[in-house]
Every structure is written in structure tokens, then in C-alpha cells.
Amino acid sequence: MSKLSKLGIMGGTFDPIHYGHLVTAEGARFTFGLDQVLFMPSGRPPHKKDAQVSDAEHRYMMTVLATLTNPHFEVSRLEIDRSGTSYTIDTLRALQEQYGPGTELYFITGADAIFDIATWKDCDECLALAHFVAATRPGFSLDHLPASTRQWVARHKERFHILQVPAMAISSTEIRERVRAGSSIRYLVPEPVEHYIRRQRLYVQALPQSRERCTK
Ligand code: NAP
């Protein structure tokens with residue numbers, strides 16, 4: 001493992017991954033001068049214990065397919081292989097241990113996902129370990145955040161960044177709905193991801209769906 005000075009961690013459920021995520025990761029890499037972006041599909045997202053999420057192996061496989069052609073992108077199995085709830089703090093501690101203090105961490109995710117960051121497990125330590133990059137559509141303002149989150153962000157503003165990404169209009173929810181309705185998802189996801197979704201018959205029915213492990 002070569003020494004990195006700045007590592008991006010792209011946290012998400014990726015159910016499925018789409019061009020909005022890829023544009024966000026590339027935008028963050030460029031904006032913050034990151035050496036690499038490590039995509040981190042959630043194993044068991046903390047706020048979705050009772051909600052249905054597709055099999056982690058499918059989400060991991062689609063993330064690998066989507067990122068293959070970018071030499072600055074890698075995919076991690078850290079959260080998928082860790083048992084129990086996927087807390088961001090555990091991931092950041094593990095990565096700090098792995099990469100050492102010389103590597104600055106940037107945790108990138110959707111602004112909506114960090115709406116309630118002030119309630120995340122050990123959130124102050126999360127910010128001590130990593131910069132946070134909240135990806136939003138243009139026009140998003142911190143005023144959209146709940147007051148508790150705004151106060152918390154104000155206390156940590158030097159480690160908290162907003163990244164405006166026009167392609168954030170694409171959403172995983174919409175892609176799942178389109179597949180279910182038989183509509184096209186072409187140009188919303190990379191072609192290999194589209195093929196994978198069709199071949200594995202993902203999202204054909206409302207979740208919960210087949211828990212079969214993928215064979216490819
Ligand atoms: P989510 O609630 O499914 O997503 C909320 C919004 O953010 C959606 O619009 C989603 O769009 C967008 N989004 C999610 N990840 C994104 C990304 N990497 N780039 C751009 N937009 C993104 O969020 P989630 O995916 O489950 O969680 C996001 C990350 O926060 C994960 O790494 C999760 O583990 C972490 N998290 C940690 C805690 C904790 O430690 N307590 C609590 C909550 C979340 P799409 O649906 O199109 O992706």
C-alpha cells in the first residue's frame with residue numbers, strides 16, 4: 001500500500017450506485033486534491049435496521065463494476081465484512097489505523113445522509129478523524145439542516161465542507177422505481193451496472209428482494 005496524503009472515503013448504501021455518486025467522488029477528488037477515493041458500501045446502515053436494503057454482495061459488485069475504469073477509485077469490503085451495524089466511527093478508526101497519521105481522511109456522502117450527523121455514534125470523534133464532505137444539489141444551503149445539526153456544523157466548520165454537484169438529481173430510489181416500472185435506466189448508471197441489474201433481476205419487485213448471493 002503506497003503512502004497517501006489525502007484519502008477520500010465515499011460512504012453510501014449504493015443500492016444501486018449511479019452516475020451521481022461517481023460525479024460526486026470525482027468532484028471531491030478534484031476539489032480537495034485527494035490521492036484516492038475509497039468507495040465504502042455500507043454493510044448494515046445504522047438508520048436502516050428495519051428497512052430493506054439489497055444484498056451487500058450485489059451492492060459491492062455493482063460498485064466494483066462502476067469504478068473499474070478510474071485508476072483513482074477503489075472499493076473496500078471493510079463495512080460489508082464487519083459484522084453488526086456499520087457505524088462510520090468504526091470505519092474511520094480502522095482506516096486511520098491502517099493508513100497512519102500521515103494520511104488525512106475525507107468522508108464524502110450525501111448532505112441528506114448527514115442531516116442528523118449530530119446524533120451519529122461518537123460524532124465529535126468522527127470529525128476529529130476526518131473532514132466531512134456533504135454533497136448537495138446546487139442551491140442547497142445549511143439553512144435546510146435541522147437546528148441541532150447547524151449548531152454542530154458551526155462548531156466544526158473548518159472540518160465540514162459542502163460540495164455542490166449538479167448530477168445529484170439522480171437517485172438510487174428513482175432507479176429502483178424505474179426498473180420496477182420497466183423504464184429505462186440507461187445513462188443513469190454505467191452500462192456494466194445496468195447489465196448486472198438486469199442479469200441478477202434486481203429491483204424487479206419492491207424490496208425485500210431475493211437474498212441470493214451473486215455468482216459472478
Ligand atoms: P441514505 O440515507 O440512503 O441517503 C440519503 C441521501 O444521501 C440520498 O439522497 C442518497 O442518494 C444520498 N447519498 C448517500 N450516499 C451518498 C454519496 N456517497 N454521495 C452522494 N449522495 C449520497 O444514506 P446512506 O447511503 O444510508 O448513508 C450514507 C453514509 O452515511 C453511509 O456511509 C452510512 O454508513 C453513513 N451513516 C452513518 C451513520 C452513523 O455512523 N451513525 C448514520 C447514518 C449514515 P442515493 O440514495 O441516490 O444514494
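A salt bridge here is a side-chain nitrogen of Lys or Arg within 4 Å of a carboxyl oxygen of Asp or Glu. With that criterion, a search of the whole structure returns nine salt bridges. Please keep in mind that this is a predicted model. I will go through some of the salt bridges, then the backbone.

Asp90 and Lys121 pair through their side chains, at 3.8 Å from N to O. Asp90 is partly exposed at 22% relative accessibility, and Lys121 is partly exposed at 36%.

Next, Arg93 and Asp122 form a salt bridge, 3.0 Å from N to O. This pair also links distant parts of the chain, with Arg93 in helix H4 and Asp122 in the loop between S4 and H5, 29 residues apart. Arg93 has a relative accessibility of 33%, which counts as partly exposed. Asp122 is partly exposed too, at 34%.

What network do these residues belong to? Asp90, Arg93, Lys121, Asp122 and Glu125 are linked together by salt bridges.

Glu194 and Arg198 form a salt bridge, their closest N and O atoms being 3.9 Å apart. Both residues lie in helix H8, four residues apart, about one turn of the helix. Is Glu194 buried or exposed? Glu194 counts as buried, because its relative accessibility is 14% and the cut-off for buried is under 20%. Arg198, at 39%, is partly exposed.

On to the backbone. Asp122 comes up again here: its phi is positive, about 50°, although Asp122 is not a glycine. The loop that holds Asp122 runs between strand S4, residues 104–110, and helix H5, residues 123–129.

Tyr203 is another non-glycine residue with a positive phi, near 65°. Tyr203 sits in the segment after helix H8, which spans 191–199. Its relative accessible area is 0%, so Tyr203 is buried.

Last item, the peptide bonds. Which residues does a cis peptide bond join? Asp15 and Pro16, with omega about 5°. Pro16 is in the loop between strand S1, residues 6–12, and helix H1, residues 19–32.

To recap the part I would look at on screen: Asp122 has a positive phi, and Asp122 is also in the salt-bridge network with Asp90, Arg93, Lys121 and Glu125.

How values were computed: Residues are numbered from 1 along each chain as its sequence is written. This is a predicted model: local features need pLDDT of at least 70, side-chain atom pairs count only at pLDDT 80 or more; totals for chains, interfaces and linings use all residues. Side-chain values use heavy atoms; hydrogens and water are left out. Helices (H or I, at least four residues) and strands (E, at least two) are DSSP runs, numbered from the N terminus. Buried means under 20% relative accessible area, exposed over 50%, partly exposed in between (1.4 Å probe, protein chains only).
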